[in-house]
Amino acid sequence: MTEQDINAGGRVAIVGGGLAGSLLALSLARQGVGVDVYERRPDPRVGLSEGGRSINLGLSKRGIQALTEVGLIDQVMPLSVVMGGRVIHAPDGSTRFQPYGKDRGEVLHSIDRNELNRLLLDHAQRHPQVRLHFNHRLDRIDKARRELEFDHDGEKVRAQPAWVVGADGAFSRARQEMQRGERADYHQEYLEWGYKELSLAALPGGGSQIELEALHVWPRVHCFFVSHPNRDGSHTLTLFLPHEGPDSFATTRTPDEVRALFGKYFPDLIPLLPNLVDDWVSHPTGSLITTRTAPWSMDEWIVLVGDACHAVYPFYGQGMNSAFEDCSALMAAFAAHPRDRRAAFIAYEQSRRPHTDTLAELSKANFIELKQKVQSFWFLARKRVDAALNRLLPKTWLPLYTMIAHTTMPYGDALKRSRQQEKILLGAVSALALVVVGAGVWVGRLL
């Protein structure tokens, strides 16, 4: 695939220099394409990370595959912490470990968002055909002139790229401008819960206060905590809590209210968080949003990737992974349609949108699982049955979580297969029940 195949007539503009934008810039540069990346924020490689955003992400198979394709997986893995499963913290302070899969090969990797972003930008910038433009906020798109207009420190900057990628997140300006005046669908849904991040420090001499190589979950029906480990032994805690109502962000503002909330739901965390009140006040409260839209492209000139076209709740840990998979799918569409960018854009959307819509539903469903089902006897029993069948029939029976996190099977196909397995299991249980009942009747007649 040559530059002329993808980039007939000029350079490509990527709006958004976050994870998806920087990975796609690297992917295109490796094919010899000239790329300009426009990011509204300052260079993340300089200064502190942006407040209010999750700084830890769970890297799984889909993201690993995309990073492998650009030759970076060996540089990324040393930056991560292996998570072999979940440690569930009960209200009484007891814990139990739930492995992610049947063996240690089925793990997730906790990684710092900003560290990964810096790595991707560094490697993209090593290509002489990549130019990075920070502090460039997209103001408008003139679709007739095929022109982008940015605000750069109060000055207007215009660009006329050969084509454009919108990779600027859930509140994408590129998407808004692309769809302005067009027949387009857009739906967004806010969760009634928000989130706040806190820090669980490492031990004074190094090491972790809780098990390092695991995702920790404090599930409560009303609220819950999730903890991602860091390489220095610290953990990034994320509290999910309703925005309004009793025991909510609205009613947890003063030091006494903060301590009361933790005393009620998370007493075991209080000794581990000596700076709890200060962290609570200084760390902002975030919102959770799901978005769906169509179409993902316009003509042969602009296309969307990542959260710009399918933001999801974080409860399946697939936001980054699905965005990275978008980049792989778009590059595959270019390979399949090397002389027709419009056809490549259409093929890319057709291959992805049904499955990212499925991911949105799965992420909503996993919200219920994390806050209450992980403590359910029946939920755990079903997990054990799935794991046992997976060991017995490793190529035939795959738990849904395994298919989502540890394979690259399309999300919709994974859900369909899971439902088929569910029917088989229910049928087998029903047949066994009939046999037991029949045997009981036969024994009764003999007696």
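Trainee: So, which residues in α5 are buried?

Mentor: Keep in mind that this is a predicted model. In α5, the buried ones are Arg113, Asn114, Leu116, Asn117, Leu119, Leu120, Leu121, His123 and Ala124.

Trainee: And what caps the N-terminal end of α5?

Mentor: Aspartate 112 does that, with a side-chain oxygen 2.8 Å from the backbone nitrogen of asparagine 114.

Trainee: How far apart are the end C-alpha atoms of α5?

Mentor: They are 18 Å apart.

Trainee: Switching topic: which residues touch the most other members in the largest nonpolar core?

Mentor: Ile14, Leu28 and Trp163, out of 68 residues in that core. Helix α10, residues 319-336, supplies the largest share of the core, with nine residues. Another core of 53 residues lies apart from it, and its members include Leu239, Phe249, Phe315 and Ile404.

Trainee: Back to α10, then. At what angle do α2 and α10 pack?

Mentor: About 30°, and the axes are 9 Å apart. Angles under 35 degrees count as roughly parallel, so α2 and α10 are roughly parallel to each other. The crossing of α2 past α10 is right-handed.

Trainee: Last one: is histidine 89 buried or exposed?

Mentor: Histidine 89 is buried, because its relative accessible area is 6% and the cut-off for buried is under 20%. Histidine 89 sits in strand β5, residues 85-89.

Trainee: Which side chain does histidine 89 join in a polar contact?

Mentor: That of tryptophan 218, at 3.5 Å.

Conventions. Residues are numbered from 1 along each chain as its sequence is written. This is a predicted model: local features need pLDDT of at least 70, side-chain atom pairs count only at pLDDT 80 or more; totals for chains, interfaces and linings use all residues. Side-chain values use heavy atoms; hydrogens and water are left out. Helices (H or I, at least four residues) and strands (E, at least two) are DSSP runs, numbered from the N terminus. The expected span of a helix is 1.5 Å times one less than its number of residues. Buried means under 20% relative accessible area, exposed over 50%, partly exposed in between (1.4 Å probe, protein chains only). A polar contact is a pair of N or O atoms within 3.5 Å; within protein, one must be able to donate a hydrogen and the other to accept it, and residues adjacent in sequence count only if both atoms are side-chain atoms. A nonpolar core is a set of buried Ala, Val, Leu, Ile, Met, Phe, Trp, Tyr and Cys residues joined through side-chain atoms within 4.5 Å. Axes are lines fitted to C-alpha atoms, for helices over the stretch in contact, and angles run from 0 to 180 degrees between N-to-C directions. Angles under 35 degrees count as roughly parallel, over 145 as roughly antiparallel, 65 to 115 as roughly perpendicular and the rest as oblique. A crossing is left-handed if the near helix is turned anticlockwise from the far one by less than a right angle, and right-handed if clockwise.
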